[in-house]
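Colleague: I would like a close look at a single part of this model. Please take me through it step by step.

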Amino acid sequence: DTGRGTVDRLLRTLATTVFGPPAVTESNTSIESVLQEQRVFQPPAEMAAAARIGSLESYRAMAAAATKDPDGFWGEAARRELHWFEPFHTVLDWSEPPFARWFEGGTTNLSYNCLDRHLEGAKAEKTALIWEGEPGDVRRFSYRELHAEVCKAANALKAMGIGKGDLVALYMPMIPEAAIAMLACARIGAPHSVVFGGFSAEALRDRLKDGEAKAVITADGGFRKDKPVSLKPAVDAALAEGACPSVTGVLVVQRTKQPVEMVAGRDQWWHDLVDAQGSDCPAEPMASEDRLFVLYTSGSTGKPKGVVHTTAGYNLWAHLTFQWIFDIRDNDVYWCTADVGWITGHSYIVYGPLSNGATTVMYEGAPRPSKPGAFWELIQKHGITIFYTAPTAIRAFMKSGRQVPDQFDMSSLRLLGTVGEPINPEAWMWYRDVIGGNRCPIVDTWWQTETGGVMISPLPGATPTKPGSATLPLPGIQADIVDGEGNSCGPDEGGYLAVRAPWPGMMRTVHGNPQRFRESYWEHIRPADGSYLYFAGDGARRDADGYFWVMGRVDDVINVSGHRLGTMEIESALVSHPAVAEAAVVGRPDDLKGEGIVAFVTLESGRESSDDLIKQLRAHVGTEIGPIARPDEIRCSDALPKTRSGKIMRRILRALAAGQEVSGDTSTLEDRSVLDRLRA
Ligand code: WT7
């Protein structure tokens, strides 16, 4: 059902889900404030004067040129910004939508673009990567050094029998070897599949099997909250009993020195194999559309989907967006706090910065009780100029008070960014004031795993910002707010966030399931003229200035601290426990995390709800998916609210989870007494 009424209702619910329940205070609720937000901040004059794109007019001219002649715009950018072994002959082949082919005929290599081309002249000695471990150990790599390390790792992969086209899974802590391994894979044309280190052995196994990974790169463990946390045992568990026959080798970095079991003939230490290799390994010329990586993300059905990105288009988009959005300068020290296990880490810790020859910072740790000011200390210590983090982190800092950041000198900062979820104006203002000293512009960047890079964001030298708005689409991005038939919505009318034209960084398919790619992204909205529209899964509105205000997901996906989780995925984890008959999972507003997870379960007959069982169920979800998916609350009941056709009415559960009145039509409920019992 995509009728207007539904969209409006959804957007109203979303507004409350995302920005917290209404009536927090009498006059200034979060949702109220986002709807009434009037503040506008102009780009600082010095920044505008020096910027690549230095005014709203130049942005608009660029965007207009891109719309008028997309092939000319993207073709010129690709020739200018990337190194080509062989030039491409076609910019875009869109003859079989929604399957796009970009820059056909060309060959290039992402690792070459990130490393080799910076080795001529002084750039070679420039710091490419500054890494800090949780215990405070620091490692720095110049472009020359990083190139050598990547070549050694690439040679090691070859020695393991890995070649062009073989999928390599990475299950790693935030250590330099994670970035080195990614670049090494790209160098030899072996697509990588990075699995976030917080996922469980089960989740890892699913991804290894789905991708038919040939090798796994991991570590003994990493440091988290001042303690070593193991990783290798999860790899062993994932591979146990021949569960993943495609995996022939495991490469293990020694980080924590925890004891690990090494399986003879399968496992090798990084320091044995990689360190023995030569530091020269020519980058393999890759066809533009050769697979670069697969990254799994949650959708509205049970199984996470393997989002496929390809070589040239992804490279160009990560490169261009990084250059535009951060208006990167040679002396910038840039830090993104994401994990390489997410797309943000791929595009904006590793590939975007290195492709531009920037200095990127990588941190193993996080703020923790022993070091609440960990981020601010890092900014002071390394003279960080650009800082990119998630709203959930900002809200947590807000809560613990400005006295923590106020102890540090953060005058090196010139630009701030946010990513991953909507940011409420209060958090935006705090970020600007307390972290940015009221001098740094904020870029609120909207995008997704599927889009490869940022799609909607201010340009710091050009776009006036409004707290809570991601502002305007980047040049070349035909973003729109539409109804179910693809008609554009009017100002301030809520609708679906959609993209009307292909862009180089777009995902190409779902690994092994092109039909799912069609259905999930291109068939929800069907314009009468038969054109193809990319459906992002988010609800949004556009104000009279054309500014986008993203409200949150309109599908069964929830966003917990910027981590995307499918409710069905958590439900299948719950019902795989012998005590559970049925489960329905919904999001509920959470001041810190954006959304929290609430599960409603009915138990198998003969099972009784108890604190102990609830504990077991939470732990079970942790084992099936990972700690981030553990429900905040599990409510047991004897039945779930269903329609006569047996569909669970999630709208009702969402209201109950949020402690709100169940409003709207409940006449389709099969058994109204269920509602009363759930309320009780
Ligand atoms: C979903 C994508 C790509 C970055 C990390 C998350 C939400 C992302 C914003 C933003 C409002 C945002 C959307 C989107 N989202 N950025 N600036 N404002 N919402 O990637 O895991 O693929 O999740 O994150 O709901 O669909 P992801």
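Which residue in β25 does Ala540 stand opposite?

Modeller: This is a predicted model. Ala540 stands opposite Val550 in β25. The pairing around them comes next. Strand β24 covers residues 534–542. β24 and β25 pair in the antiparallel sense, over five bridges.

Now the sheet. β24 and β25 belong to an open sheet of four strands, in the order β21-β22-β24-β25, with antiparallel pairing. β21 (479–482) and β25 (548–553) stand at the edges. Each has a single partner strand, so one side of each is left without a neighbour in the sheet. From one strand to the next, the twist averages 45°.

Next, the ligand. β25 supplies at least two residues of the shell around the ligand. The shell holds 17 residues. Asp444, Thr445, Thr449, Asp538 and Arg564 come nearest. By class, six residues of the shell are nonpolar, six are polar and five are charged.

A polar side-chain atom of Arg564 lies 2.7 Å from an oxygen atom of the ligand. A polar backbone atom of Thr445 is 2.8 Å from a nitrogen atom of the ligand. For Gly420, a backbone N or O atom lies 3.2 Å from a ligand nitrogen atom. On its own the ligand has 550 Å² of accessible area, and the protein covers 95% of that.

Methods: Residues numbered from 1 in each chain as written. Predicted model: local features only at pLDDT ≥ 70, side-chain atom pairs only at ≥ 80, totals over all residues. Heavy atoms only, no water. Pairing = 2+ DSSP bridges. Axes fitted to C-alpha atoms, helices over the stretch in contact; angles between N-to-C directions. Near = heavy atom within 4 Å. Polar contact = N/O pair within 3.5 Å; in protein donor to acceptor, adjacent residues only side chain to side chain. Areas by Shrake-Rupley, 256 points an atom, 1.4 Å probe, with all protein chains shown as cover. Nonpolar A, V, L, I, M, F, W, Y, C, P; charged D, E, K, R; others polar.
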